[in-house]
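Take a look at the sequence and the model first, then work through each task with its solution.

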Amino acid sequence: MSTTEKKGLDLKSLEPVPSEFSKEVLARFAVEVAKYPNEQKQSAVMACLSIVQQINGFVDASDELFLSKYLDMSPMAVHEVSTFYNMYNLEPLGKFKINVCTNLPCQLRGGLNALEYLCKKLDAAVGETTKDGLFTLQPGECMGACADAPVLLVNDRNMCSFMSMEKIDQLIDGLKHVAVKGDQA
Amino acid sequence: MNTDLNKLLSQFKATGVETSFHGRHIKPQILDGLNGTNWSVKDYEARGGYQALRKILGKDGGEGLTQDQVIATVKESGLRGRGGAGFPTGLKWSFMPRQFPGQKYLVCNSDEGEPGTFKDRDIMQFNPHIVIEGMAIAAYAMGISVGYNYIHGEIFETYERFQIALEEARAAGYLGTQILGSTFSFQLHATHGFGAYICGEETALLESLEGKKGQPRFKPPFPASYGLYGKPTTINNTETFAAVPWIIRNGGQAYLQCGKPNNGGTKIYSISGDVERPGNYEIPMGTPFSVLLELAGGVKGGRALKAVIPGGSSAPILPANIMMDITMDYDSIAKAGSMLGSGAVIVLDETRCMVKTLLRLSYFYMHESCGQCTPCREGTGWLWRVVDRIEKGEGRESDLALLDNVAENIMGRTICALGDAAAMPVRGMLKHFRDEFQYHIAHKTCLVAATV
């Protein structure tokens with residue numbers, strides 16, 4: 001008997017319940033699935049996970065369970081994908097995830113300085129989320145935009161190029177402003 | 001919130017002005033006539049786009065080309081794979097079992113993540129239809145009815161741009177069933193990665209496209225016999241497909257003559273690092289490196305050139321004196337002991353510390369090893385840790401021999417080339433800059449005032 005059972009914990013209650021998604025989101029999933037042969041729905045798992053992340057900020061076991069049913073694959077097969085690819089967030093992060101490329105070509109043109117500047121400006125270490133929950137800072141590997149260095153990604157889908165310190169100031173101030181305005185709305 | 005957010009973020013988007021619209025190409029074919037706004041199907045047609053597709057289908061008033069004729073033309077052109085391996089494209093196409101009765105697939109490898117490379121992004125962002133046309137021609141030549149373009153997850157806006165271009169091409173009748181009223185049908189879809197360098201390896205890409213973690217497959221069987229969903233599949237790089245329409249319009253011989261024997265055509269070189277004007281430069285194969293460096297504005301700040309990584313981070317580094325004597329083509333760079341790879345030229349000036357340079361690359365390969373093969377999974381960690389301790393002034397006399405030993409024990413012992421890619425920069429560094437590593441170990445500090 002395991003310790004949890006001895007304590008009388010209801011293991012059933014720990015099992016994830018499949019997430020629910022709106023009609024609009026389901027329609028986006030369907031567009032992805034339609035790209036592949038009928039018996040190969042699993043091919044859409046990367047795109048569907050990234051759509052979930054775009055909406056919720058991260059993916060969890062409930063999302064994986066939903067997608068496993070939706071795409072005819074085992075929950076573990078979905079989890080294998082979400083844990084293999086670097087850009088999936090497996091836990092809630094700040095409202096804005098910022099990845100700064102620090103690979104060699106970017107490092108030669110101020111990539112690392114940009115990350116250090118952001119850390120100082122936001123008073124957060126690499127990998128941390130700021131206390132106000134707005135920003136998570138991460139280093140990134142090659143984004144395929146080396147001539148644009150310093151380069152960073154905001155929430156996976158938005159690349160910002162030539163990010164000098166002045167532009168970083170402008171970006172961070174702007175994001176803070178957007179967040180405050182969003183909360184008031 | 002989204003409108004405000006998009007408005008804010010749009011200010012920081014790259015426009016391509018610095019990287020591709022500098023007017024400093026030599027006889028460009030793929031990047032010719034682009035300005036950042038003329039990427040739509042109408043603009044592409046105005047540049048002569050989709051004429052090659054019309055030509056092979058006999059929809060330009062001519063007789064059309066047979067599958068064999070298309071493949072023969074591509075063979076004659078001397079076009080070699082632009083993704084890194086440099087394999088002859090026409091030959092690859094001829095491996096496809098054209099008479100195979102079942103489904104076959106065409107895949108474009110746009111998972112551009114080799115540090116230093118950023119050409120495929122600009123091609124797809126600013127000239128997406130040239131890739132679509134190239135793929136349609138390839139599909140026709142090999143009798144393929146379905147294709148996918150697997151795009152690097154970090155360039156999501158480019159993925160979205162490519163999806164719009166696909167819609168345009170379908171609406172204009174260049175994709176879909178019975179293209180331009182012919183009997184040829186081809187469906188093409190865009191798909192994306194999400195942060196895994198290894199998926200640039202063709203069989204890892206196929207696994208990823210099947211909705212799995214991207215761990216490379218053992219070869220053989222090669223994709224031409226067992227590819228996507230176990231079906232015959234041909235995979236080429238984005239720039240390779242983009243070269244095809246020009247070849248069909250102008251002939252294989254004309255393309256070959258743009259470059260040099262066995263190295264046909266133009267090539268887009270992505271230059272990064274210590275140059276005045278980092279960016280993409282499309283120039284004929286066989287152009288001297290010194291000319292390319294000049295196009296890129298020379299070494300930054302007028303400093304002296306120290307070394308160049310000529311073909312992406314996996315390519316062995318070459319010192320300045322060797323680089324200044326070579327031409328930019330597969331054979332010349334191979335003869336000098338490195339490789340053209342993806343055409344990513346990383347320039348290092350005299351102030352750069354080679355230990356620190358290698359340290360960053362070794363970290364990258366350790367981070368991106370998929371973990372499937374022990375020599376790579378463990379060996380990349382060893383390489384990084386040993387270089388790290390040399391950099392920190394904790395290096396031991398025996399460390400250079402250890403690095404050689406670990407690198408040797410990775411090479412040729414893994415399923416895919418990532419192991420070799422991690423080992424080659426180490427060996428290149430130790431070959432050409434051994435003194436600098438020895439100095440670091442003996443003096444616990446750098447030979448140059450490190451600014452990397």
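**Exercise 1. Find out how many aromatic pairs there are over all chains, and describe the one formed by Phe21(A) and Phe66(A).**

Step 1: start with the rule. Rings of Phe, Tyr and Trp (its six-membered ring) pair if their centres lie within 6.5 Å; planes under 30 degrees apart count as stacked, over 60 as edge-to-face and the rest as tilted. By this rule the count is 24 aromatic pairs over all chains.

Step 2: look at the pair itself. Phe21(A) and Phe66(A) sit edge-to-face, at 5.0 Å centre to centre and with 70° between the planes.

Step 3: Phe21(A) is in the loop between α1 (3-6) and α2 (23-33) of chain A, while Phe66(A) is in helix α4 (residues 61-70) of chain A; at 45 residues apart, they link distant parts of the chain. Helices here are DSSP runs of H or I with at least four residues, strands are runs of E with at least two, and both are numbered from the N terminus.

Step 4: check burial. Buried means under 20% relative accessible area, exposed means over 50%, and partly exposed is in between (1.4 Å probe, protein chains only). Phe21(A) has a relative accessible area of 15%, so it is buried. Phe66(A) counts as buried too, at 15%.

A word on the ground rules: this is a predicted model, where local features need pLDDT of at least 70 and side-chain atom pairs count only at pLDDT 80 or more, while totals for chains, interfaces and linings use all residues. Residues are numbered from 1 along each chain as its sequence is written, chains are lettered from A and ligands numbered from 1 in the order in which they are written, and side-chain values use heavy atoms, with hydrogens and water left out.

**Exercise 2. Work out why the pair of Tyr36(A) and Tyr148(B) joins two chains.**

Step 1: get the geometry. Tyr36(A) and Tyr148(B) are stacked, with 5.3 Å centre to centre and 15° between the planes.

Step 2: locate each ring. Tyr36(A) lies in the loop between α2 and α3 (45-56) of chain A and Tyr148(B) in strand β2 (residues 146-151) of chain B, so the pair joins two chains. Both Tyr36(A) and Tyr148(B) are buried.

**Exercise 3. Say where Glu141(A) lies and which residues it touches.**

Step 1: Glu141(A) is in the loop between β2 (135-140) and β3 (152-154) of chain A. Its relative accessible area is 12%, so Glu141(A) is buried.

Step 2: list the contacts (heavy atoms within 4.5 Å). Not counting residues up to four places away in sequence, Glu141(A) touches Cys101(A), Asn103(A), Arg360(B), Tyr363(B), Phe364(B), His367(B) and Glu368(B).

Step 3: pick out polar contacts. Each is a pair of N or O atoms within 3.5 Å; within protein, one must be able to donate a hydrogen and the other to accept it, and residues adjacent in sequence count only if both atoms are side-chain atoms. The side chain of Glu141(A) makes one with the side chain of Asn103(A) at 2.9 Å and one with the side chain of Arg360(B) at 3.1 Å.

Step 4: compare sequence and space. Glu141(A) and Asn103(A) are 38 residues apart along the chain, yet their C-alpha atoms are separated by 5.6 Å.

**Exercise 4. Decide whether Trp384(B) is buried, exposed or partly exposed.**

Step 1: find Trp384(B) in helix α16 (residues 374-391) of chain B.

Step 2: with a relative accessible area of 23%, Trp384(B) is partly exposed. Leaving aside neighbours within four places in sequence, Trp384(B) is in contact with Leu359(B), Ser362(B), Tyr363(B) and Met366(B).
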